[in-house]
Amino acid sequence: MNERLSLTSRPRTVPDSVEIVHLGIGAFHRAHQAVYTEDAGDGWGICGITQRSAAVAERLAPQDGLYSVLVRGPGAASARVIGAVREVLTGEATVARIADPAVRIVSLTVTEKGYRRDPATGRLRLDDPEIALDLAGRPPRTVVGRLVAGLAAREAPVTVLCCDNLPSNGATLRGLVEEYAGRSGAEIGCEVAFPSTMVDRIVPATTPADLDEAERLLGVRDEGVVVTEPFTQWVIEDDFAAGRPSWDAAGAILTGDVAPYETMKLRLLNGAHSLLAYLGSDLTYVSDAVGVLGDLVRRYMDEDASPTLDVPSGFDLEAYKSSLLERFANPALRHRTAQIAMDGSQKLPQRLLGVVRDRLAAGAEPRWAALAVAAWMRHVQTAPELDDPMAGTLRRAVAGADTPAAVVDALLSVTDVFGPDLRDSEVFRRLLVEWLTRLVAGAPGY
Ligand code: CS2
């Protein structure tokens with residue numbers, strides 16, 4: 001494949017060893033951490049492990065792990081081939097791969113629901129049937145079960161690097177690992193660091209048109225194309241037990257405290273994304289939705305989210321918010337609102353409900369955040385298929401609720417999402433009922 005590629009699109013390095021095991025080798029990892037790892041230039045190789053389906057392994061194996069990243073900006077598209085992924089395996093391999101002493105980092109992008117945590121408290125869901133089966137002693141199949149078994153089988157120090165959009169993702173994962181290890185009786189003898197990270201790059205699902213575009217640009221057919229935007233950001237807590245690639249040389253920010261970046265990104269980018277996805281659900285793409293709802297997104301950011309943020313010193317918040325709106329408006333990126341709308345129960349707490357809580361505590365009314373939550377409630381009630389791990393609970397809650405107030409009360413009672421504090425907030429309830437009434441009437445009036 002290499003000789004046919006132009007110099008600029010060839011892999012910069014093709015490592016001959018594996019030091020990173022990555023759980024969840026979907027499009028996001030390949031468009032983000034794998035690119036940083038290659039650009040760091042230290043030759044660290046990645047073993048990617050698929051979580052739910054073998055499709056990525058089947059697509060990448062015949063290509064020797066090589067795949068291309070197609071960048072679609074407002075200008076011309078570009079494509080380059082990444083060589084950092086050296087092995088692609090399926091889930092059963094996880095424990096043995098983590099146990100390998102040559103491995104120094106285990107990173108994860110398994111989506112919010114992959115952790116099987118309680119969305120409101122962040123704690124492991126012991127009533128999750130798969131967690132219960134793992135704890136009962138079968139060879140583990142859950143991410144946390146496999147991670148614990150792998151860590152228990154090692155002696156050499158290792159870093160577990162969570163790259164999902166969860167609050168305090170490193171500490172959260174440490175809590176899940178400790179809880180699971182305690183309950184399963186697993187003994188983790190090696191030193192393990194759990195730094196937190198903030199990851200950012202919009203990565204829509206790849207379409208057949210993306211495969212064709214990459215082929216046109218590269219001159220070779222790649223079945224493993226991932227498509228993304230020009231922007232990329234990675235902020236990492238610099239706390240590693242066994243070294244790391246020079247990700248800083250590739251543009252990552254290594255810092256002592258990720259929290260301010262993480263809260264800002266979750267509440268501004270992801271919060272706005274969810275607002276667009278639920279309120280703009282009749283529009284297929286985010287770029288169309290932001291064309292119609294851009295002013296409202298700006299009001300959510302300015303009036304609700306911004307006052308809750310602890311902005312890192314020297315950081316230009318206004319420029320950041322404007323850049324988000326520009327990124328959302330990128331017409332070349334066919335990012336479907338439906339892709340963002342899935343798994344709302346797992347996303348709402350860190351994206352919108354933290355904003356709601358902080359504004360209520362300050363005596364303010366989080367109008368726009370409440371509108372986004374009301375739009376999610378409408379989605380729960382009316383979506384032809386609700387793609388959410390809590391779909392059963394949510395649909396049962398709204399079955400028979402025949403007024404907006406009844407729907408609001410039924411969903412607020414799902415304390416796994418809202419917690420008892422928001423369930424009992426009169427102000428929040430009133431805002432939700434007002435908005436849902438207007439949404440149902442088809443006259444939102446914002
Ligand atoms: C999106 C994110 O699908 C979603 O829920 O909000 O995947 C978003 O595109 C990324 O976090 C951007 O960094």
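Reader: Quick one before I start: how many residues must helices have here, and where are they numbered from?
Author: Helices are DSSP runs of at least four residues, numbered from the N terminus. Keep in mind that this is a predicted model.

Reader: How do the residues of the lining divide: nonpolar, polar, charged?
Author: Seven are polar, five are nonpolar and four are charged.

Reader: Why does the pocket lie between the domains?
Author: Because domain 1 (2-255) and domain 2 (259-441) both contribute residues to its lining.

Reader: What about Asn165, how far is its polar side-chain atom from an oxygen atom of the ligand?
Author: For Asn165 the distance is 2.9 Å. Asn270 also has a side-chain N or O atom 3.0 Å from a ligand oxygen.

Reader: And Arg201: is the polar atom there backbone or side-chain?
Author: Backbone. That atom of Arg201 sits 3.0 Å from an oxygen atom of the ligand.

Reader: Now the sheet. What order do the six strands have?
Author: The order is β5-β2-β1-β6-β7-β8, in an open sheet with parallel pairing.

Reader: Which strands stand at the edges?
Author: β5 (85-89) and β8 (192-193). Each has a single partner strand, so one side of each has no neighbour in the sheet.

Reader: How many bridges are there between β1 and β6?
Author: Four, with β1 (residues 20-23) and β6 (residues 105-108) pairing in the parallel sense.

Reader: Last one: which residue in β6 stands opposite Leu23?
Author: Leu108 is the one facing Leu23.

Definitions and conventions:
Residues numbered from 1 in each chain as written. Predicted model: local features only at pLDDT ≥ 70, side-chain atom pairs only at ≥ 80, totals over all residues. Heavy atoms only, no water. Nonpolar A, V, L, I, M, F, W, Y, C, P; charged D, E, K, R; others polar. Domains from an automatic or database assignment. Pairing = 2+ DSSP bridges. Helix = DSSP H or I, 4+ residues; strand = E, 2+ residues; numbered from the N terminus. Polar contact = N/O pair within 3.5 Å; in protein donor to acceptor, adjacent residues only side chain to side chain.
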